[in-house]
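Open the model in your viewer and keep the sequence panel beside it. The stops below tell you what to select next.

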Amino acid sequence: MVYISKRSVTLFFIGTKSRIKYAQIKGTCVMSVESKQDFFRLSETDRILEVHWRSGSLKYRDFELMDEGGIAKLYTCFDENLRRRVVYKTLHDHLKNSEIETQRFLREARVTANIAHPNTVPIYELGRDRSGSLFFTMKHVKGRDLRAIIRALRNGDKKTSELFSLSILIDILIQVCHALVYAQQRGVIHRDLKPANILTGEFSETYVIDWGLAKVWGEPELVDLPNSNYQSSSSLTPSGRSYGTPLYTTPELIRGDSMVDGRVDVFCLGSVLFEILTHKQLLQGETIDEIKDELLNRPLPKPSQVTPEKEIPEPLEDICCHSLAIEPRDRFDSVQALSSALQAYQASTK
Ligand SMILES: Nc1ncnc2c1ncn2[C@@H]1O[C@H](COP(=O)(O)OP(=O)(O)O)[C@@H](O)[C@H]1O
Ligand SMILES: [Mg+2]
């Protein structure tokens, strides 16, 4: 039997008992060899790879729709050659001929592939299917995104509250910082960080996904960025793309500033921290003008003002407010500085 408790893994073999500590395993889960459905079998490893083996999109089968976002559809499917399920992402049919969305899609796949890191999702393949549609495949992270976790916490879900204490959520945020620091070292700013773009697996391993709006230093912008649309019109759905209300935008983007740097991600991290602390979104506006007003004309609320009933640790409130300064010069000057502050807080509570 294998029993995984909060911070340790204990393996019992017939006649022997050995204990292995995995301090990095923060989630709680129990599994036993009696439930074998997740086990991998030798009949799979030893299976012949046919001489006429299938390559490209032809090797994927058993597609199941997993998520449908503003621009893309995500499926899980089975890779016949490597005998595993993967995630398959492709553009919505009505966007397949859009040059800008095609460019963003390619950028997302290639940027993610080039910032390979323990906290970014491994990309397996980029290609076209039989009808010419672009797709890329990536690791199937079995877990939940932070939006679903925070929603469950807000609804008082007991199991989620046990699994995701504040300390574990801060650890997750620190892992997000690791990915962003690494990406910035490679000249990449995410710019679209929000709880839905943070995935946590079964063992609290964390991945930052969705790098389609990333800025790459020294490279020309893809035109028609959402910020230019925020500037010029209050339409929420420019050029056939459904962005939804930009509840996770930043002061720089909503002002349409031409020069943004890594401090844009600091603001986004502050807004994710705000949600971790309060279980509520920082911005509430329903139209672009309302969001603009909230961001640029009124002081942003402090976490403790929004949820006075919660005991929010003061150092975390300070880190959150410092990250959410409207002017980039008043924020932590880098994601690394924010990450260090979070790590110092965690160390002080141990
Ligand atoms: N590799 C993955 N493994 C598991 N779930 C994923 C994976 N990639 C995305 N998802 C889920 O699908 C959702 C949408 O994916 P995302 O890449 O952000 O699409 P979009 O570009 O449409 O926003 C995510 O919020 C997450 O819940
Ligand atoms: Mg997304």
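**Stop 1: helix α9**

Now select I288, I291 and L295, the buried residues of α9 (residues 288-296). They cover an arc of only 65 degrees around the axis, so they sit on the same side of α9. That arc is taken over the directions from the helix axis to the C-beta atoms. Residues three or four places apart point the same way because an α-helix has 3.6 residues a turn.

Before moving on, some ground rules. This is a predicted model, in which local features need pLDDT of at least 70, side-chain atom pairs count only at pLDDT 80 or more, and totals for chains, interfaces and linings use all residues. Residues are numbered from 1 along each chain as its sequence is written, while chains are lettered from A and ligands numbered from 1 in the order in which they are written.

**Stop 2: the whole chain**

Zoom out and color by secondary structure. The protein chain has twelve helices and 13 strands. Helices (H or I, at least four residues) and strands (E, at least two) are DSSP runs, numbered from the N terminus. Of the 350 residues in the protein chain, 31% are buried. Take the contacts between residues at least 6 apart in sequence: 63% of them join residues at least 24 apart. A contact requires C-beta atoms, placed from the backbone, within 7 Å.

**Stop 3: the five-stranded sheet**

Select β4 through β8. These five strands form an open sheet with antiparallel pairing, in the order β4-β5-β6-β8-β7. Its edge strands, β4 (60-68) and β7 (123-128), each pair on one side only. From one strand to the next the twist averages 25 degrees. Strands count as paired if DSSP finds at least two bridges between them.

β7 and β8 (residues 134-139) run antiparallel and are joined by five bridges. Pick R128: its bridge partner in β8 is L134. Pick E125 next, which stands opposite T137 in β8. The hairpin of β7 and β8 has five residues between the strands, and G132 there takes a positive phi near 95 degrees.

Axes are lines fitted to C-alpha atoms, for helices over the stretch in contact, and angles run from 0 to 180 degrees between N-to-C directions.

Stay on β6 and select R84, which lies in that strand. R84 is partly exposed, with 13 other C-beta atoms within 10 Å.

**Stop 4: ligand 1**

Which residues are closest to ligand 1? Select D67, G69, V141, D145 and D210, from a surrounding set of 19 residues. A residue belongs here if its C-beta atom, placed from the backbone, lies within 6 Å of the ligand. The elements giving two or more residues to this shell are β5 (72-79) and β8.

The shell divides into ten nonpolar, five polar and four charged residues. Ala, Val, Leu, Ile, Met, Phe, Trp, Tyr, Cys and Pro count as nonpolar, Asp, Glu, Lys and Arg as charged, and the others, Gly among them, as polar.

**Stop 5: β9, β11 and β12**

Select β9 (residues 143-145) and β11 (residues 198-201). They pair in the antiparallel sense over three bridges. R144 stands opposite T200 in β11. Three bridges also pair β11 with β12 (residues 206-208), again antiparallel. L199 stands opposite Y207 in β12. The hairpin of β11 and β12 has four residues between the strands; S204 there takes a positive phi near 65 degrees.

**Stop 6: two loop residues**

Most residues other than glycine have a negative phi. R191 has a positive one, near 70 degrees. Find R191 in the loop between β10 (188-189) and β11. R191 counts as buried, with 23 C-beta neighbours inside 10 Å.

Finish at H279, in the loop between α8 (263-278) and α9. H279 has a positive phi of about 65 degrees and is not a glycine. It counts as partly exposed, with 18 C-beta neighbours inside 10 Å.

How values were computed: Buried ≥ 20, exposed ≤ 12 C-beta atoms within 10 Å, placed from the backbone. Contact = placed C-beta atoms within 7 Å.
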